[in-house]
Amino acid sequence: TDKKFQTELEQVGFKFNPYDPCVSNRDRKGSQHMIMFHVDDLKSSHINPKVNDEFDTWLQKNYGTHRKVVIHHGKVHQYLGMEIDYEYRGKVNIGMIKYVQGMLEDFPIQFRSTKSVITSASDGMFNRGQGGKLHRERAEQFHMMVAKALFLCKRARPDIQPTIAVLCMRVKEPNEADWGKLVSLMKYLNGTKKLRLRLSADNLRCIKWCMDASSAVNPDYKSHTDVTMSFGDGEGAVQSISRKQKLNTKSSTEAELI
């Protein structure tokens with residue numbers, strides 16, 4: 001099915017991105033017409049709304065014979081758990097408020113609406129911590145919540161990414177200290193559930209990377225790298241990374257070079 005879809009898009013002038021096969025572009029009426037898709041969800045964007053209408057007609061003709069293709073127009077869209085809001089010109093706000101609320105409802109500890117902490121990172125976040133291993137049921141809950149938070153942080157909440165990077169390393173054998181870190185994270189989400197990621201591009205020809213490393217902070221004395229990428233002086237991180245380094249280093253200078 002994917003090959004058929006790709007072939008039919010190429011027949012009407014689309015060229016697929018060699019780095020991301022789920023993104024395709026063509027020139028239409030002097031401007032870029034871009035589509036991106038994930039499984040059966042597809043997003044089409046063009047400066048001229050009529051181009052999107054024409055693409056809607058094409059989709060209905062080619063794929064609407066069994067069931068009508070559902071189309072949603074406007075400046076606010078629901079996509080892969082995200083609410084993507086283009087209301088402000090030149091900016092996009094990405095929120096996952098309902099997703100966070102669902103996480104809080106699924107968590108075995110229920111918090112009052114006013115219960116929160118100022119940061120997702122608890123004291124001693126990188127430490128292995130004390131306490132026995134979690135029994136099977138709580139360990140599964142721990143694993144499930146960390147997986148949900150990982151999905152969240154890669155889309156709309158990069159502010160929790162360093163904490164998730166640490167918790168992901170603990171899902172195989174979580175202990176009571178790790179559970180405490182998860183509780184702290186959930187308290188933070190409880191107080192910031194309406195927080196959105198705002199992105200804008202000041203200069204598409206200027207890609208800025210900001211990066212730093214914390215030396216030997218992990219239990220095996222490996223350092224930790226954090227990176228953000230933006231377009232010019234635009235708002236928000238278009239891409240962010242937080243991960244443990246694969247090599248042991250002798251100094252903070254060497255960790256930063258890596």
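Predicted model: local features only at pLDDT ≥ 70, side-chain atom pairs only at ≥ 80, totals over all residues.
Reader: Let's start with the open sheet of four strands; what's the strand order?
Author: Take the pairings one by one: β1 (residues 15-16) and β2 (residues 23-28) run antiparallel over two bridges. β2 also pairs with β3 (residues 31-38), antiparallel again, over six bridges, and five bridges join β3 to β4. Chain those together and you get the order β1-β2-β3-β4.

Reader: How about the hairpins: which residue in the turn between β2 and β3 has a positive phi?
Author: The hairpin from β1 to β2 goes through six residues. The one between β2 and β3 has two residues between the strands, and one of them has a phi of about 55°. That residue is K29.

Reader: Which residue does K29 form a salt bridge with?
Author: The closest N and O atoms of the pair are 3.4 Å apart, and the cut-off is 4 Å. The partner belongs to helix α2 (residues 49-63), 25 residues from K29, so to speak a link between distant parts of the chain. R28 is in the network of salt bridges too, along with K29 and that partner. The partner is E54.

Reader: Is E54 buried, partly exposed or exposed?
Author: Buried means under 20% relative accessible area and exposed means over 50%. E54 has 32% relative accessibility, so it falls in between. Call it partly exposed.

Reader: K43 is buried and has no salt bridge; how far away is the nearest side chain of opposite charge?
Author: K43 lies in strand β4, and its side chain does make a polar contact with the side chain of Y86, at 3.1 Å. The nearest side chain of opposite charge is D85. A salt bridge needs a nitrogen within 4 Å of a carboxyl oxygen, whereas D85 is away from K43 by 12 Å.

Reader: D178 and K181 meet in a salt bridge; which helix do they lie in?
Author: Their N to O distance is 3.6 Å, and both residues are buried. They are three residues apart, about one turn of the helix. The helix is α6 (residues 176-191).

Reader: K208 and D233 also meet in a salt bridge; which of the two is exposed?
Author: The N to O distance here is 2.5 Å, and the pair links strand β9 to the loop between β10 (224-231) and β11 (239-244). K208 has 32% relative accessibility, so it counts as partly exposed. At 58%, the exposed one is D233.

Conventions:
Residues numbered from 1 in each chain as written. Heavy atoms only, no water. Pairing = 2+ DSSP bridges. Buried < 20%, exposed > 50% of the residue type's maximum accessible area, 1.4 Å probe, protein only. Lys, Arg positive; Asp, Glu negative; His and termini not counted. Polar contact = N/O pair within 3.5 Å; in protein donor to acceptor, adjacent residues only side chain to side chain.
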